[in-house]
Amino acid sequence: MSYGNQPGGYGPPQGGYGPPGGYGTPPGGGYDPYGYGAPPPRGNNGMAIATLVMGIAGLFICGLTSIVGIVLGHISLGQIKRTGEEGRGMAIAGLVMSYFGVACWLVVLVIWLVAIGVLAGSATYGY
């Protein structure tokens, strides 16, 4: 048996495959077979965060930042209602702490002024 040059076989490939095609727009429009996906997250309102910070700080800094917190809180609630941003709870918490801070420091101020008045009125003058 001789294994010389045998005719037949498969030979070189004919035609071959072309380069793969890209992902174009599917026929019929831009239908997404996987659904719409999650909506983009809405961010927190920056003024609501500032309101919360000012309300907390106002409890320790004589209520000075509480006044700023009250103003920012009302502005942020208006913005949240208009734009639909997140942060309504933070704005309300900041407003509550800001009003509480102002009220507490007013009570402390009144007590302090009454104490000064009592001490000044009870002082004896030696003539």
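This is a predicted model: local features need pLDDT of at least 70, side-chain atom pairs count only at pLDDT 80 or more; totals for chains, interfaces and linings use all residues.
Begin by selecting Ala 91, Gly 94, Leu 95, Ser 98 and Gly 101, which are the buried residues of helix H3.

Then show the whole of H3, residues 88-121, and follow it from end to end: H3 has 34 residues and reaches 49 Å from its first C-alpha to its last, close to the 50 Å expected at 1.5 Å a residue.

Next, select Ser 76, which belongs to helix H2 (residues 64-83). Is Ser 76 buried or exposed? Its relative accessibility is 0%, so Ser 76 counts as buried, the cut-off being under 20%. Display its side chain and you will find that it reaches the backbone oxygen of Gly 73 at 2.9 Å. Beyond its neighbours within four places in sequence, Ser 76 is in contact with Asn 45, Met 47, Ala 48, Thr 51 and Ala 91; of these, Ala 91 is one of the buried residues of H3 with which the tour began.

For the last stop, go to Leu 109, which also lies in helix H3 but is partly exposed, with a relative accessible area of 42%. Select Leu 106, Trp 112, Leu 113 and Ile 116 along with Leu 109, and you have the residues that make a nonpolar surface patch of about 510 Å².

Notes
Residues are numbered from 1 along each chain as its sequence is written. Side-chain values use heavy atoms; hydrogens and water are left out. Helices (H or I, at least four residues) and strands (E, at least two) are DSSP runs, numbered from the N terminus. Buried means under 20% relative accessible area, exposed over 50%, partly exposed in between (1.4 Å probe, protein chains only). A polar contact is a pair of N or O atoms within 3.5 Å; within protein, one must be able to donate a hydrogen and the other to accept it, and residues adjacent in sequence count only if both atoms are side-chain atoms. Contact means heavy atoms within 4.5 Å. Patches are made of residues with over 30% relative accessible area and no salt bridge: like charges are joined within 9 Å, nonpolar side chains (Val, Leu, Ile, Met, Phe, Trp, Tyr) within 5 Å. Accessible areas come from the Shrake-Rupley method with a 1.4 Å probe; for residues, only the protein chains shown count as cover. A salt bridge is a side-chain nitrogen of Lys or Arg within 4 Å of a carboxyl oxygen of Asp or Glu. The expected span of a helix is 1.5 Å times one less than its number of residues.
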